[in-house]
Amino acid sequence: MQSLKQAMKDLGVVVVVDKKTCDVCQSEYNIYERTDRQGKKHVHSMCMTCENNKLKDTLPKKEDVEDYKFSNWIINHEHIEKSIDEACFESYQPQTDNQREALRLCKGYVSKFNNFSKKHSLVFKGDVGLGKSHLAASILKELREKGYKVMFLTTTDLMNMIKSTFNNNSAQTQDDIIKRLESLDLLILDDVGAEYVKRDASGFETWASEVLFQVINSRQALPTVYTTNYSAGDFSEKYGKQGKRILSRMLNSAEIIEFDGMDQRINNF
């Protein structure tokens with residue numbers, strides 16, 4: 001291995017011979033002259049201020065790193081069923097005037113996103129198999145392509161995500177998850193009411209209702225799309241007194257889109 005002394009000898013003698021002011025940043029830097037072993041002189045100079053700035057420009061900014069981490073978090077926690085994974089507005093086939101109107105309203109929602117005059121959220125209400133989740137996933141796809149931070153979650157997946165924080169080895173808490181969901185440009189909460197949690201002695205799902213209320217309450221001033229098969233009475237029956245509060249927060253600044261027609265999955269059976 002070459003010794004430091006030999007390396008310095010091979011490099012030659014280096015001395016500062018002058019100074020110069022950078023034309024770009026006006027910083028002063030040294031001009032060096034190196035004499036090699038053959039006696040030839042070589043002049044070297046470089047504005048380190050400009051070089052350091054160039055290096056900084058190549059490094060990711062803090063906000064870019066945070067955006068990358070957030071996008072990864074969404075990918076790792078979002079589970080979209082295969083049946084709607086490729087959903088888009090073009091593949092939605094409305095069967096009734098009501099469904100055609102729903103499609104029109106959803107396209108309009110995307111076109112005016114983040115420029116709402118009054119209502120910034122949507123509530124899709126109707127029976128199963130009418131395309132509520134399909135249109136919700138279509139909204140997600142359109143807005144994600146526009147660069148918005150959007151996420152699709154069924155209420156069942158939401159509850160499972162929260163349950164995972166109960167593990168002592170979990171890297172996140174329930175509050176962490178709720179804050180993440182609150183920071184989304186758009187949250188799509190699919191199939192509200194379909195989640196199953198063991199009922200309490202009174203017959204109500206108190207834990208599920210509390211989690212659901214916290215998430216919906218944190219989003220009531222933010223764009224959110226909800227889909228549900230439930231009526232107002234169903235909410236009260238499932239969640240007790242909390243049911244009215246959940247529904248009230250869902251409907252705050254939201255446009256209700258009702259779906260009618262036949263369940264296409266059963267109809268094609």
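Trainee: Which residue has a side chain joined to that of Q172 by a polar contact of 3.0 Å?

Mentor: Bear in mind that this is a predicted model. The residue is W73, whose side chain is joined to that of Q172 at 3.0 Å, and a further polar contact, of 3.1 Å, links the side chain of Q172 with that of H77.

Trainee: Where does Q172 lie in the chain, and which residues does Q172 touch beyond its neighbours up to four places away in sequence?

Mentor: Q172 sits in the loop between α7 and α8 (174-182), and, leaving out residues up to four places away in sequence, Q172 touches W73, H77, T165 and I177.

Trainee: Why does Q172 count as buried with a relative accessibility of 15%?

Mentor: The term applies to any residue under 20% relative accessible area, and therefore Q172, at 15%, counts as buried.

Trainee: What is the relative accessible area of T155, and in which helix is T155 found?

Mentor: T155 belongs to helix α7 (residues 155-164), and T155 is buried with a relative accessible area of 0%. Its side chain makes a polar contact of 2.9 Å with the side chain of E195, and the residues that T155 touches, not counting those up to four places away in sequence, are L189, D190, D191, V192, G193, A194, E195 and L212.

Trainee: How should I read the burial pattern of a whole helix, and which residues of α5 are buried?

Mentor: The general idea is that an α-helix has 3.6 residues a turn, so residues three or four places apart point the same way. In α5, the buried residues are Q99, A102, L103, L105, C106, Y109 and V110. Viewed down the axis of α5, these buried residues fall within an arc of 165°, so they line one face of the helix. On the other side of α5, D97, R104 and S111 are exposed. Helix α5 itself covers residues 97-111, and its 15 residues reach 21 Å from first C-alpha to last, close to the 21 Å expected at 1.5 Å a residue.

Trainee: What covers the buried residues of α5?

Mentor: The cover includes the strands β4 (121-126), β6 (186-192), β7 (224-228) and β8 (254-259), together with helix α6 (132-145).

Trainee: How many helices and strands does the protein chain have, and what percentage of its residues count as buried?

Mentor: The protein chain has twelve helices and eight strands, and 38% of its 269 residues count as buried. Among contacts between residues at least 6 apart in sequence, 69% join residues at least 24 apart.

Key. Residues numbered from 1 in each chain as written. Predicted model: local features only at pLDDT ≥ 70, side-chain atom pairs only at ≥ 80, totals over all residues. Heavy atoms only, no water. Helix = DSSP H or I, 4+ residues; strand = E, 2+ residues; numbered from the N terminus. Buried < 20%, exposed > 50% of the residue type's maximum accessible area, 1.4 Å probe, protein only. Polar contact = N/O pair within 3.5 Å; in protein donor to acceptor, adjacent residues only side chain to side chain. Contact = heavy atoms within 4.5 Å. Expected span 1.5 Å × (residues − 1). Arc of directions from axis to C-beta.
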